[in-house]
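Biologist: I'd like to learn how to read a ligand site from coordinates. Can you walk me through one?

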Amino acid sequence: MTKPIFILNGPNLNLLGQREPEIYGRETLADVEARCAAIAGDRGVGVVLRQTNHEGQLIDWIHEARHEACGIVINPAAFTHTSVAVLDALNAYEGPVIEVHISNVHKREAFRHHSYVSARAEGVIAGLGIEGYESATRRILTLIGA
Ligand code: DQA
């Protein structure tokens, strides 16, 4: 049985749908989970979507993924731009990693232009709204041959 895809989300994304909807849209993480579960489910693969506001928790889930996930879709949110620790955790993971940003970070403030995580990710998606999670899920399925 194929292990699930972990869809991991960093700080403030619990407010997706409510915070800055002009940037992040009106859909929620529950919508993301439903869309990605449908896509992966068609190939017999499950998804586990989680969100945390705490860096250490995100790192612990990446460690868990080493044994429990066939791939990782990650939106590290603000930790993208600050966290060598999240990068190090991902470097200890052997499966495929796709980095997602709902907004186009390159069109925004300069501090959002650099990502520590991109050095590890097989692919980076930015600016597609929550469709980016769907594309990332499809890409993981391709990379694992599901
Ligand atoms: C984000 C972009 C980050 O710069 C920001 O800190 C977020 C969300 C995105 O999905 O567009 O919280 O990762």
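Biologist: By class, what is the lining of the largest pocket like?

Modeller: Keep in mind that this is a predicted model. To read a lining, sort its residues by class: here there are seven nonpolar, six polar and four charged residues. The volume of this largest pocket comes to about 180 Å³. Lining it are 17 residues, and R19, Y24, A77, A78 and R112 are the closest to the centre.

Biologist: Where does the ligand sit?

Modeller: Compare its atoms with the pocket's grid points. In this case, the ligand takes up the space of the largest pocket.

Biologist: Which residues are around the ligand?

Modeller: Look for heavy atoms within 4 Å of it. That picks out R19, Y24, N75, A77, A78, H81, H101, I102, S103, V105 and R112. Sorted by class, this shell holds five nonpolar, four polar and two charged residues.

Biologist: And how do I read polar contacts? Which atom of R19 is 2.8 Å from a ligand oxygen?

Modeller: Go for N or O pairs within 3.5 Å. For R19, an N or O atom in the side chain is 2.8 Å from an oxygen atom of the ligand. With I102, a backbone N or O atom lies 2.7 Å from a ligand oxygen, and for A78 a backbone N or O atom is at 3.3 Å from one.

Biologist: How much of the ligand does the protein bury?

Modeller: Start from the ligand alone, which exposes 320 Å²; the protein buries 98% of that.

Definitions and conventions. Residues are numbered from 1 along each chain as its sequence is written. This is a predicted model: local features need pLDDT of at least 70, side-chain atom pairs count only at pLDDT 80 or more; totals for chains, interfaces and linings use all residues. Side-chain values use heavy atoms; hydrogens and water are left out. A polar contact is a pair of N or O atoms within 3.5 Å; within protein, one must be able to donate a hydrogen and the other to accept it, and residues adjacent in sequence count only if both atoms are side-chain atoms. Accessible areas come from the Shrake-Rupley method with a 1.4 Å probe; for residues, only the protein chains shown count as cover. On a 1 Å grid over the protein atoms alone, a cavity is a set of points where a 1.4 Å probe fits but cannot get out, and a pocket is an open set with protein on both sides within 12 Å along at least five of seven lines; lining residues have an atom within 4 Å of a point. A molecule sits in a cavity or pocket if more than half of its atoms lie within 2 Å of its grid points. Ala, Val, Leu, Ile, Met, Phe, Trp, Tyr, Cys and Pro count as nonpolar, Asp, Glu, Lys and Arg as charged, and the others, Gly among them, as polar. Grid points are joined across faces, edges and corners, and a volume is the space filled by probe spheres set on the points.
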